[in-house]
Amino acid sequence: MEKKTFERPVIKKVQIGMPSKFGLKSEYAPIKEIDGIPVKNLIEQYGSPLYVISEQTIRETYTEAYKAFSTRYPKVQFAWSYKTNYLDAVCKIFHQEGSWAEVVSGFEYEKALNNGVPGNKIIFNGPYKTREDLIKAIENNSFIHIDHYDEYYLLIDLAEELNIRPKVAVRINMDTGIYPQWSRFGFNYENGEAWEIIQRILISNKLDLVGLHCHIGTYIMVPWAYANAMYKLIDLFLGVEKKYNKHLQYIDIGGGFASKNTLKGAYLPGTDTCPTFDQYADAITSVIINSSISIEHLPVLILETGRALIDDAGYLLGTIHATKRLPDGKNSLITDLGVNLLFTSFWYDHKITPAQEFGPYTEETVVYGPLCMNIDVIREYVQLPPLKKGDHFVISRIGAYNMTQWMQFITYRPNVVLIDTNKNTHIIRKAETINNFNNLEQTPEHLKKIE
Amino acid sequence: MKLKPKLAISDSGFIFDPSTGESYSLNEEGLIIVQFLKEGKNEEEIKEHFLNEYDIDETTFSRSYLDFISMLKHFNLIEHE
């Protein structure tokens with residue numbers, strides 16, 4: 001006779017009155033496989049914890065986003081935001097789909113070049129570009145987005161020194177009606193600073209002004225904020241046309257589209273509140289199409305959205321290492337992945353789903369990582385089935401930022417596996433070993449012996 | 001290990017404690033343990049039942065049993081000896 005599946009015995013107090021608005025059960029079915037590959041097999045073959053990336057989901061998401069914009073506007077160009085996920089394999093999928101590269105540091109710039117992106121398809125953003133970074137970008141004919149006056153003057157000097165006219169755009173910050181207003185990147189629209197730098201560039205004629213750029217914030221849940229940004233950018237665009245008779249090549253609306261993850265403290269889940277690509281596209285393109293820019297001079301619309309394109313394609317698989325009852329009776333789980341691998345758990349209530357069958361019963365659970373520090377909490381409060389040592393689980397929507405902001409703290413970073421569109425698996429970043437770190441360290445001669 | 005007297009235990013997995021007015025719910029495994037405790041069975045007998053009927057090893061069961069008993073104590077459902 002086949003034995004029954006065992007679930008930890010659990011008892012909980014029946015609460016009278018309204019159920020907690022934040023504490024309802026959210027998981028109804030296990031995630032047993034990703035793109036047809038059993039979670040159990042992935043962990044057996046590649047270890048736990050494990051990052052898994054679905055190539056199929058990346059391509060489908062990109063296609064959906066591109067379609068939303070290209071069916072509404074004739075000139076659309078996506079630029080892959082390297083900081084969101086700069087694993088080479090991931091970047092190359094986006095480049096194969098037609099994305100340029102959008103980088104924010106010399107390191108990312110080198111990565112883009114190594115990935116085979118031509119210099120004239122790299123957009124160089126960010127507040128910190130060194131002299132060496134800028135020389136490289138100028139020589140490679142990349143688009144340099146000017147963040148501050150010191151950078152502007154440095155570019156003027158370099159243009160003379162190299163005898164090249166760098167291609168530049170101006171980064172512009174503004175009030176788009178949302179909070180917080182990002183004011184640290186670029187030049188302000190409302191106080192006239194943006195118009196002033198544009199005029200300086202055009203009058204000096206040492207730099208080739210080709211576009212306007214803005215990055216209004218992150219996880220923007222209201223598409224109309226982009227529409228407000230676009231009105232202001234178009235005002236500057238038309239100002240340049242009118243006063244200088246110059247037609248700028250592009251308007252770069254930046255990134256910041258939300259993903260379906262749920263922000264901490266949000267009343268409704270992100271799956272219910274996240275705008276669609278169509279909604280963003282409608283808000284942004286309507287403003288340009290309805291503006292007085294003539295059809296023949298419509299600028300290329302550049303989009304640097306990262307999170308919304310990659311979050312859904314990433315999974316983090318883990319294993320329950322221990323269960324522990326807290327003094328208040330709440331159950332807690334110690335898992336093999338913590339904030340070191342899931343940096344985004346600082347601002348999201350991530351979806352945690354068991355990878356094996358479970359019953360209808362749930363209990364209040366705190367999910368901890370393996371780190372010996374108090375802030376290593378993946379979920380402070382979640383209703384989960386009674387998981388036990390050795391059970392596996394899947395954290396969904398982790399493709400953005402976790403593989404760039406991860407921390408090498410007290411342990412190694414694990415394998416990252418890509419499932420391709422033919423359901424083959426590939427390690428795209430190997431798990432770290434002690435040798436990776438030993439290779440970087442050097443011990444002075446007098447410290448080599450400890451006897 | 002004895003349950004508090006006068007606990008009302010339903011077959012569908014609920015406990016009512018008339019001394020406090022509190023109600024509790026149990027999953028299937030929890031209900032079986034509570035019913036066995038009510039019948040006066042000890043840990044060894046309960047363990048034997050689970051090892052025979054469920055796909056579970058001894059250590060995992062003992063660990064889960066300990067945790068469950070700690071919750072019965074937490075809710076004051078065990079008689080003080």
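Let's start inside chain A of this predicted model, where 20 residues of domain 1 are in contact with 22 residues of domain 2. Being in contact here just says that the C-beta atoms, placed from the backbone, lie within 7 Å. On the domain 1 side, two elements of chain A each give two or more residues to this meeting place: β21 (416–419) and β22 (425–429). The top contributor to that side is β21(A), with three residues.

Now bring in chain B. Here, 22 residues of chain B are in contact with 20 residues of chain A. Which elements of chain B supply at least two residues each to the side that touches chain A? They are β3 (22–26), α1 (28–38), β4 (54–55) and α3 (58–74). Of these, α3(B) gives the most, with eight residues. The chain B side as a whole divides into nine nonpolar, eight polar and five charged residues.

Keep an eye on β4(B), as there is another detail to find there. Strand β1 of chain A, residues 4–5, pairs with β4(B) in the parallel sense, over two bridges. You can pick out one of the partners by name: Thr5(A) has Asp55(B) as its bridge partner in β4(B).

Note on methods
Residues are numbered from 1 along each chain as its sequence is written. Chains are lettered from A and ligands numbered from 1 in the order in which they are written. This is a predicted model: local features need pLDDT of at least 70, side-chain atom pairs count only at pLDDT 80 or more; totals for chains, interfaces and linings use all residues. Two residues are in contact if their C-beta atoms, placed from the backbone, lie within 7 Å. Helices (H or I, at least four residues) and strands (E, at least two) are DSSP runs, numbered from the N terminus. Ala, Val, Leu, Ile, Met, Phe, Trp, Tyr, Cys and Pro count as nonpolar, Asp, Glu, Lys and Arg as charged, and the others, Gly among them, as polar. Two strands pair if DSSP finds at least two bridges between them.
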